[in-house]
Amino acid sequence: MHLYVHIPFCRVNCSYCNFYFSVNRRHEGRFFDALLAELQERKEEIAGYGPLQTVYLGGGTPSLARREYLEALFEHIRHYFPLADDAEITLEANPDDISRENLRFWKDSGINRLSVGVQSFRERDLKLMRRAHTARQSRQALDWIAGAGFRNVTIDLIYGIPGMSTADWEEQLDIFLSYGFPHLSAYALTVEPDTLLARKVQSGAVTMPGDEVYETQFFLLREKMLQAGYAHYEISNFARPGWHSRHNSAYWEGHPYVGLGPSAHSYDGKDLRWWNKPNLHVYMRGLENGGPYYETEKLSAADLYNEYLMTRLRTGEGVDVREIENRFPDFYRAFVRLAETLEARGDICRRGNRLWICPGALFRSDGIIAEFFVTD
Ligand code: SF4
């Protein structure tokens, strides 16, 4: 079983972010009470799936959470559920929360993987994205992490930032590589609706780069990471052998998971998905007074098929044609026909029964995957 915990508080609102978060921390204590209540309310459901293989504290900014709250959370998790001996326990941490003291505390709490929101090593990018930390703080934090003995470390970087040249991006990757950490997540900066960045783009204060810049930077990323010995195991993720994210891989492989906290999603591994409403107050009131704080959805065969393709085709493993035939017989013929067309076009590669998006077409993967989608 894989457990995700969404801790929604942040120091500032980054200009590009469309995750569910709140910069008002007044209700942090009340939120953690609600979170523990949810954990208790759902303990049988979670325990029914067997020992926890991974726990992921995401957000928001979980590294901002006060110690006593994290301690109580881990105490509850350990009390109610068996943890696999080799469980992967990840904390998302922003550089401005990383101190020698916090690192020691997180390590003692059992956290064995850190996902660090560096985003950029350039001050001007950080300003444009309204990050709460400086590049200097990131470098210092990464030095401390290495010194604290955390080996399973991943860093988030963003490319396609206005004003970032391809040479600048290459420098970012060189800095990442100089630390020797085993995992990198690299995302293209996208303009999400209702964000500060969207408003700035709309008003003309910020101009986003053209597609060709994103494409060049994406392929540079891929080339450099492959050369450095990292596998490109998912469209935005690179890992040295054995260091992939087991938690995220569980999502991509369709395993069951439970998400706690506002906006967190859960999936039973079959055809039921549910999610907590993305609203702190609705969430807290729901757990305090028994009000509705989540919604459920029964997935149709078409939903399951589309989701299967959307997650698997984004991975380096791709899809197994026999699995499609067994699990989605109604869509199998259409899949084979389209796959042949795309193979002839050079977008889909094939070895035996396995199909994946060819490296040269990866940049267009969203459009290619959408071609496979079906409706009920
Ligand atoms: S710290 Fe992360 S979750 Fe919070 S606003 Fe910034 S990008 Fe979003």
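Trainee: Which residue of β15 stands opposite C349?

Mentor: In β15, the residue opposite C349 is W356. Before we go further, please note that this is a predicted model, in which local features need pLDDT of at least 70 and side-chain atom pairs count only at pLDDT 80 or more, whereas totals for chains, interfaces and linings use all residues. Residues are numbered from 1 along each chain as its sequence is written.

Trainee: How many bridges join β14 to β15, and in which sense do these strands run, parallel or antiparallel?

Mentor: Strands of a sheet pair through backbone hydrogen bonds, either parallel or antiparallel. Here, β14 and β15 (residues 354–357) are joined by four bridges and run antiparallel. Two strands pair if DSSP finds at least two bridges between them. Strands themselves are DSSP runs (E, at least two residues), as are helices (H or I, at least four residues), and both are numbered from the N terminus.

Trainee: In what order do the strands of that sheet lie?

Mentor: The order is β13-β15-β14, an open sheet of three strands with antiparallel pairing. Its edge strands, β13 (319–320) and β14 (348–351), each pair on one side only.

Trainee: How many helices and strands does the protein chain have?

Mentor: The protein chain comes to 15 helices and 15 strands. Its C-alpha trace spans about 60 × 50 × 45 Å along the principal axes. The radius of gyration is 21 Å, which agrees with the value near 21 Å for a compact globule of 376 residues; the radius is taken over C-alpha atoms, and the globule rule is 2.2 Å times the number of residues to the power 0.38.

Trainee: What share of the residues counts as buried?

Mentor: Of the 376 residues, 36% count as buried. A residue is buried if 20 or more other C-beta atoms, placed from the backbone, lie within 10 Å of its own, exposed if 12 or fewer, and partly exposed in between.

Trainee: How many residues of β4 are buried, and which way do they point?

Mentor: In a regular strand the side chains alternate between the two faces of the sheet. In β4, seven of its seven residues are buried. R113, S115, G117 and Q119 point one way, while L114, V116 and V118 point the other way.

Trainee: Which strands pair with β4?

Mentor: Strand β3 (residues 83–93) pairs with β4 in the parallel sense over four bridges, and A93 stands opposite V116. Strand β5 (residues 153–159) also pairs with β4 in the parallel sense over four bridges, where T154 is the bridge partner of S115.

Trainee: Which residues have a positive phi although they are not glycines?

Mentor: Two examples are Q119, with a phi of about 65°, and D194, with a phi of about 60°. Q119 is in strand β4 (residues 113–119) and counts as buried because it has 25 C-beta neighbours inside 10 Å. D194 lies in the loop between β6 (183–188) and α8 (196–203) and counts as exposed because it has 7 such neighbours.

Trainee: Where is there a cis peptide bond?

Mentor: A cis peptide bond joins G59 and G60, with omega about 25°. G60 has its place in the loop between β2 (52–59) and α3 (67–80).

Trainee: Which residues are around the ligand?

Mentor: G59 and G60 are among them, together with C10, N13, C14, C17, F19, F21, T61, N94 and G117.

Trainee: What domains does the assignment give?

Mentor: The assignment gives domain 1 (2–251) and domain 2 (301–376); such bounds come from an automatic or database domain assignment. The domain centres, taken over C-alpha atoms, are separated by 29 Å. Their contact takes eight residues from domain 1 and seven residues from domain 2, where contact requires C-beta atoms, placed from the backbone, within 7 Å. On the side of domain 1 that touches domain 2, α9 (211–227) and β7 (231–234) each supply at least two residues. β7 gives the most to that side, with four residues.

Definitions and conventions. Near = placed C-beta within 6 Å. Contact = placed C-beta atoms within 7 Å.
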